[in-house]
Amino acid sequence: RKRESSLKPIYDHVLIRSVGTFVTLRVSDPHVYFEGRLNCDSSDQDGEALVDCDRLSQIMKTRPEGALVTLQTSEEFLFIKQGEFKAQLPLMRGETIQEIKMDGAFPMQIEFTPSMLAGLNRCGEVIEESTSGFRPDDPFQGVLLDFTEAGYLWIAGFSGTLLYGCQFPLL
């Protein structure tokens, strides 16, 4: 039997910011900062909306994945539309999300084992080899280090259409 959790998100509100076709979702509390970014299909104009995080989360949990979601603001509300579904959340005018400066270096240290370093180099090489001769319109874009899976480091080389990755246990 699955037990329902009564825990609420630690975040009070979420800032949704649209610039061009780039959407940023930003939440923070006194100790944690999270920012997610995605490309949207289109945007009529740049803007932002600050809404209650728990209420937005509850609405989005009910929506099927993969279907287009439209966000629109008025002076007082954020409107959420998906097909025939419509919802609205009041904008939070008296609240703010602290601006985090993302300039410069962050204190971080990674000790690579020889196999991790070889994997890092190999991920970049595979994508470069695959895209240079066969896909000149799809160049190598970079390498991603991902620590989101507990106890593991994922290293992925990528272009616009190709991804080559490897996983390493963290010591």
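The largest pocket of this predicted model has a volume of about 1200 Å³. Its lining is made up of 33 residues, and several strands together with one helix, α1 (53-61), each contribute at least two residues to that lining. Elsewhere, a nonpolar surface patch of about 450 Å² includes Phe-147 among its members.

**Largest pocket**
- Among the lining residues, Ile-16, Val-23, Val-69, Thr-70 and Leu-71 lie nearest the centre of the pocket.
- The strands that each supply at least two lining residues include β1 (13-19), β2 (22-28) and β3 (33-39).
- β4 (47-52), α1 (53-61) and β5 (70-73) likewise each provide at least two residues of the lining.

**Nonpolar surface patch**
- Phe-112, Leu-117, Val-143, Leu-145, Phe-147 and Leu-170 form the patch, which covers about 450 Å².
- Phe-147 is located in the loop that runs between β8 (142-146) and β9 (152-158).
- Phe-147 counts as partly exposed because its relative accessibility is 37%, a value between the 20% limit for buried and the 50% limit for exposed residues.

**Overall fold**
- The protein chain contains two helices and 10 strands.
- In sequence order, these elements follow the pattern β-β-β-β-α-β-β-β-α-β-β-β.
- Of the contacts with a separation of 6 or more, 42% are between residues 24 or more positions apart.

**Surface and burial**
- The protein chain has 171 residues, and 26% of them count as buried.

Notes. Residues numbered from 1 in each chain as written. Predicted model: local features only at pLDDT ≥ 70, side-chain atom pairs only at ≥ 80, totals over all residues. Heavy atoms only, no water. Patch = residues over 30% accessible without salt bridge, like charges linked within 9 Å, V, L, I, M, F, W, Y side chains within 5 Å. Areas by Shrake-Rupley, 256 points an atom, 1.4 Å probe, with all protein chains shown as cover. Salt bridge = Lys/Arg side-chain N within 4 Å of Asp/Glu carboxyl O. Helix = DSSP H or I, 4+ residues; strand = E, 2+ residues; numbered from the N terminus. Buried < 20%, exposed > 50% of the residue type's maximum accessible area, 1.4 Å probe, protein only. Contact = heavy atoms within 4.5 Å. 1 Å grid on protein atoms, 1.4 Å probe; cavity = no way out; pocket = protein on both sides within 12 Å on 5 of 7 lines; lining within 4 Å. Points joined across faces, edges and corners; volume = space filled by probe spheres on them.
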